[in-house]
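Dear colleague,

Please find below the structure that I am handing over to you, followed by an account of what was found in it.

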Amino acid sequence: MRRHWPLLPLAATVLALVAPVPAGDATASGKVGPADAASLLLVLVCAVQALRGRVRPLTPAVGLFLALPAVGLAVATVTAGDPYAALPGFVRYLQVFVLVPGAIVLLVRDGWEFRAAAGCFAVLALVQGGVGVVQYATRTGASYQGENIRAVGTFGPGDVMGMATVVAYGLIAAAALALAPGTPRRLRTPAAAAAGVLVVPLVLSFSRGAWIATAAAGLAVMLLAGVRRALAVLAALVAAGVVLVGGLGVGSEMVAERLTSITQVSSAPDQSVTDRYTMWAAAGSMWAERPAAGVGLKGFPANRDAHSTLGLSSGSDTAGAGQAFMRQPLLSPHNMYLLVLSEQGLIGLTALVGGWAAVLAAGVRRALRPDPGARAVRDCGLVAVGLLVWQLTDFLYADIGGPSTVLTGVVIGLAAWWALGSAGAPGSAPGGAGTEKPARTALPAPEGAAVA
């Protein structure tokens with residue numbers, strides 16, 4: 001505990017999302033949940049440890065990765081039509097894309113601590129997924145096609161993507177640990193079991209975006225782990241899918257209909273697809289009006305109606321899971337890239353998305369050709385790349401909002417730790433290599449970390 005106590009706020013940031021979320025509008029601003037409070041504590045602990053000289057050194061690459069988004073956010077705030085209204089958005093973006101990732105890069109020192117964070121994702125996913133499966137079985141979930149069967153966990157119908165997101169995080173983290181070459185058997189077996197179990201609540205979430213992102217991330221992880229291993233896992237997943245959906249009939253008809261609707265974007269789209277494309281067009285129109293800095297943070301809702309067609313509905317219907325019927329307002333385009341483009345312009349898009357692309361490219365390169373210090377933590381590389389691929393794919397269909405948003409910062413921080421933080425370098429010792437002498441200001445690496 002003396003060695004790893006600075007990571008307790010990181011574990012709390014992830015595991016605090018086990019707590020039920022109050023019913024209501026999950027997209028409303030000004031809500032600070034337990035996970036947000038834990039992330040603030042994480043940043044404060046990092047600041048104290050930095051003053052004491054007990055964190056990893058901040059490399060120029062990491063400094064640039066954190067500084068550019070901060071500059072872009074500041075520009076979008078001061079150039080907004082109402083800077084005071086944009087200030088909450090500035091704080092939220094700063095928390096998710098600068099402060100939390102920076103704290104993780106500086107505090108996480110070795111592979112053991114990285115795997116502990118990945119384990120927290122799996123624990124959260126198993127708890128929320130278990131709640132979701134019970135909701136489906138007992139018909140106490142969110143309303144879907146007139147039945148209260150949609151698995152949403154403790155997030156409620158106001159945040160139907162919340163459970164799907166955390167379950168997908170846990171599934172990818174567990175699958176990466178199970179597939180990575182060199183993962184100890186005592187870790188590989190429970191990780192593989194957890195990944196298989198988490199497929200069920202992910203299917204019952206009926207979230208098309210989460211399915212697509214999980215498929216993309218899973219394919220990336222399998223290819224990085226090796227083609228032969230990837231083919232074996234794909235065969236096992238296909239067999240499991242046939243048994244679950246075809247043999248046991250786990251939502252087979254609704255799942256098939258949901259899968260078919262993914263391709264019906266022009267011939268016969270449902271209202272949710274129509275709303276999404278209408279808001280995408282509105283975001284593009286806002287950017288065309290102010291291409292450099294956008295309309296300002298939190299500016300999309302105020303400018304939405306002026307740039308939308310009559311095909312946009314007033315909101316989405318939500319009900320079930322202990323909540324009465326209510327209309328959920330459409331306050332974002334449900335596409336992170338278009339949201340950044342419309343509110344922050346090319347300056348913000350270049351700063352944020354450019355950094356994500358650089359981290360992904362560096363992470364994939366290092367996973368394919370790990371240096372000597374990083375070979376001992378290659379499993380961490382697969383987890384980091386898999387989670388980032390999931391997040392960047394999901395951003396095509398979703399954006400930040402809701403209690404699970406803080407986990408986006410954790411994912412980006414773990415990916416930056418692997419790609420830019422010199423994992424396995426002497427001194428920082430994130431790989432736990434027992435033959436390397438740690439820096440004098442660093443805490444000692446855990447005994448046996450080289451084996452793990």
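A search of the whole structure finds four salt bridges, a salt bridge being a side-chain nitrogen of Lys or Arg within 4 Å of a carboxyl oxygen of Asp or Glu. Before the details, please note that this is a predicted model, in which local features need pLDDT of at least 70 and side-chain atom pairs count only at pLDDT 80 or more, while totals for chains, interfaces and linings use all residues. Residues are numbered from 1 along each chain as its sequence is written, and side-chain values use heavy atoms, with hydrogens and water left out.

Salt bridges

Helices here are DSSP runs (H or I) of at least four residues, and strands (E) of at least two, numbered from the N terminus. Aspartate 36 is buried at 9% relative accessibility; buried means under 20% relative accessible area, exposed over 50%, and partly exposed in between (1.4 Å probe, protein chains only).

Aspartate 379 and arginine 115 form another salt bridge, their closest N and O atoms lying 2.6 Å apart. That pair also links distant parts of the chain: aspartate 379 belongs to helix H15 and arginine 115 to helix H5 (residues 111-138), 264 residues apart. Aspartate 379 is buried at 4%, and arginine 115 is buried at 11%.

A further salt bridge, at 2.7 Å from N to O, is made by arginine 109 and glutamate 113. Arginine 109 is buried, with a relative accessible area of 9%, and glutamate 113 is buried, with 1%.

Aromatic side chains

The count comes to 10 aromatic pairs. Rings of Phe, Tyr and Trp (its six-membered ring) pair if their centres lie within 6.5 Å; planes under 30 degrees apart count as stacked, over 60 as edge-to-face and the rest as tilted. Tyrosine 277 and tryptophan 280 form a tilted pair, 4.9 Å centre to centre with 50 degrees between the planes. These two residues are three apart in helix H11 (residues 271-289), so about one helical turn separates them. Tyrosine 277 is partly exposed, at 40%.

Tyrosine 337 and phenylalanine 395 make an edge-to-face pair, at 6.1 Å between centres and 85 degrees between planes. Because tyrosine 337 lies in helix H13 (residues 336-368) and phenylalanine 395 in the loop between helix H15 (378-394) and helix H16 (405-420), the pair ties together parts that are 58 residues apart in sequence. Tyrosine 337 is buried at 19%, as is phenylalanine 395 at 2%. Both belong to a cluster in which ring pairs link Tyr93, Phe97, Tyr337, Trp356 and Phe395.

Surface

Leu219, Leu223, Val227, Leu231 and Leu234 make a nonpolar surface patch of about 460 Å². Patches are made of residues with over 30% relative accessible area and no salt bridge, with like charges joined within 9 Å and nonpolar side chains (Val, Leu, Ile, Met, Phe, Trp, Tyr) within 5 Å; accessible areas come from the Shrake-Rupley method with a 1.4 Å probe, and for residues only the protein chains shown count as cover. Helix H8 (208-225) and helix H9 (227-247) each give two or more residues to this patch, and the largest share, three residues, comes from H9. Leucine 231, found in helix H9, is exposed at 55%.

Yours sincerely
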